[in-house]
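Hi everyone, thanks for coming.

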Amino acid sequence: MQRASLRSVLSTARRSTTVLPLRRPGNVTALRLAPLSTRSNPPISGPGSMNTKKLSLALLSGLVLTGAWYYRDTLLGASEPGFPIAGESSSTPSTATTAVGPGAAEEGPRKVVAVDNESVYTGTLSAGPGGRVSKEVENNGEKVVEMLTPEQATSKLRRNEESYFVGRGKGVWRYDVVQVPSNDPIEDDHAEKIIEVPPTVVPAEEGQEAGPSDWMFWGVFDGHSGWTTSAKLRQVLITFVAREISNTYKAAVADPTPKTPSPESIDNAIKKGFLQLDHEIIHESVDKVFKNPSKLVAAETLAPALSGSCALLAFYESRSKLLRVAVTGDSRAVLGRRGSSGKWTATPLSEDQTGSNESEAERMRKEHPGEEYVVRNGRVLGGLEPSRAFGDAFYKWSYDTQLKIKSQFFGRTPSTLLKTPPYVTAEPVITTTRIEPEKGDFLVMATDGLWEMLTNEEVVGLVGKWLDDQRAGSKDGKPWFGSWFGGGKDQGMLPVEAATDDATGQRQPIRIKQWGVTAKDSERFVCEDRNAATHLVRNALGGKNQDMLCALLTLPSPYSRRYRDDLTVEVIFFGDNTENNGQVTINKEATATVKNDTPQAKL
């Protein structure tokens, strides 16, 4: 592959793409993206490493993709009669095109994406007679796939979106969720639950409304080295935490002096729930498999211990209007609040807990004195990026336990750096914030795949812009189709206050640090989704730059993981719903597939 001419032709970035022929030189547009790192492997040279590159669209001549292979059926689902836009609002007409199967493609060139070990390229490919394109395969790390159309990219974005109206009159009126996988299967997960708590557990204080209160939980779980740990957290973490909080409240009611628990005791209850679950995953699982030494039992029982997951859990108590955010790992929560100027402010409610966070690195050095490599290259023992996580047993089991499991069942040889485990903890760091619904408060929770692409201020400004567009559409009484930014004074700028300083313990997005994307808001962002979480993901992956958006969503696993992570985003809107019916109902306009009217958030 010829690379020498790349720098000299960067000025041609805006030219239209030309035909990308296989097995002979051609011209394609180079979408230069630095591959992302993996969570559990140390940085290495070669494919998948964090090489510093710039993001640019350039016409690269002389690219020879010998042995690259083209495929359509798996990606576009040729067996399906069409490629509908999932979850599309009834007010938005579908413009999806029919998926093209063998022998059914239209004549003429179609956009394609080519990927090698270091770069992504876009171009066009001419179909042969009858629309068939030959496929050739060699094991050289190169692939060519037909690029999704903008309509198909929208379908993929919206495939897993959910939205719910909360008609409880308890301080939350809506929340939106979306997941966009990169791994196959996706390693992220999420959970939501609303628990109605009787006044015997949480009594009303003076000036508070009598009756039951609500405990509302939202969880985002970023798995790594597999999906089993995050799935375990989805199933039981909220239950573990709610049980400990309930015990704490009951103890306070039984005490003749305090009627409500102290803030410290509630924080301790949340931490206890986290640590008890991780103890069950890491240590109780080992006891079980040694009592029943079967490889099948061991594989099933130890799976959540062998993989790992970060956890971000929000707990909102409706009576006090206090929001607690507990973070284990590097998922992030940011609060948006409307200021007196009319603009929004972004307040981070968590820190990214990785080996690159100096406070986390210092904590680990104090816990493991004299161990030079407890943090190496910003990773725990040079391997794992998050410094706090569930699972990840190879950083928690003793050396002897790991050898015993390997000899009796399966596993790997313990690291030679392993001396005084555990090196990774599931204990969360907790922040407490009083919610002010009258200021339009909202919370964005997301796995690090979002924060690799957008800053805190961009995320809050994008939700603020989305809210403004929603309100404008409802006031005009016209169907809401979204809008492109720009067109008037300040219309192209996000309505958010600029950051005063760098957030402590939070990394700069990769797109700024490595890809060099610094375009103005009006040149980058778009507002065209009914679901606020989907809106954020669209703008994280390209926004107005449809070639980038379509290219990133076209890449199949495992190629996609080099350039984007799994994405899970939740947006919670505080305030009271005008329809105070006591129920949680599906918002059909912003939910992908509505099978029935039973909400996933359970009372």
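Let's begin with aspartate 267, which has a relative accessibility of 18% and so counts as buried, where buried means under 20% relative accessible area, exposed over 50%, and partly exposed in between, with a 1.4 Å probe and protein chains only. Please keep in mind that this is a predicted model: local features need pLDDT of at least 70 and side-chain atom pairs count only at pLDDT 80 or more, while totals for chains, interfaces and linings use all residues. Residues are numbered from 1 along each chain as its sequence is written, and side-chain values use heavy atoms, with hydrogens and water left out.

So which side chain does aspartate 267 meet in a salt bridge? The partner is arginine 324, at 3.0 Å from N to O; a salt bridge here is a side-chain nitrogen of Lys or Arg within 4 Å of a carboxyl oxygen of Asp or Glu. Because aspartate 267 sits in helix H4 (residues 263-291) and arginine 324 in strand E12 (residues 322-328), the pair ties together parts that are 57 residues apart in sequence. Helices (H or I, at least four residues) and strands (E, at least two) are DSSP runs, numbered from the N terminus. Arginine 324 is buried too, with a relative accessible area of 3%.

Glutamate 360 and arginine 388 make another salt bridge, with their closest N and O atoms 3.1 Å apart. This pair links distant parts of the chain, 28 residues apart: glutamate 360 is in helix H6 (residues 358-367), and arginine 388 is in the loop between strand E16 (379-380) and strand E17 (390-391). Glutamate 360 is buried at 6% relative accessible area, and arginine 388 is buried at 8% relative accessibility.

Staying in helix H6, glutamate 362 and arginine 365 lie 3 residues apart, about one turn of the helix. Their side chains meet in a salt bridge at 3.8 Å, N to O. Are these two buried or partly exposed? Glutamate 362 is partly exposed at 35% relative accessibility, and arginine 365 is partly exposed, also at 35%.

How many salt bridges does a search of the whole structure find? The count is 29. There is also a network of salt bridges linking Arg158, Glu528, Asp529 and Arg538.

On to the strands. Strand E7 (residues 162-166) is mostly covered, with 4 of its 5 residues buried. E7 pairs with strand E8 (residues 172-180) in the antiparallel sense over 4 bridges; two strands pair if DSSP finds at least two bridges between them. Glutamate 162 has valine 177 in E8 as its bridge partner. The two strands form a hairpin with 5 residues between them, and glycine 169 in the turn has a positive phi of about 65°. E7 also runs antiparallel to strand E23 (residues 584-586), joined by 3 bridges, with threonine 585 in E23 as the bridge partner of phenylalanine 165.

Last, the nonpolar cores, meaning sets of buried Ala, Val, Leu, Ile, Met, Phe, Trp, Tyr and Cys residues joined through side-chain atoms within 4.5 Å. The largest has 49 residues, and those with the most contacts inside it are Val444, Leu450, Leu536, Val569 and Val571. Apart from that core lies another, of 38 residues, including Ile245 and Ile405.

That's my tour, and I'm happy to go back to any of it.
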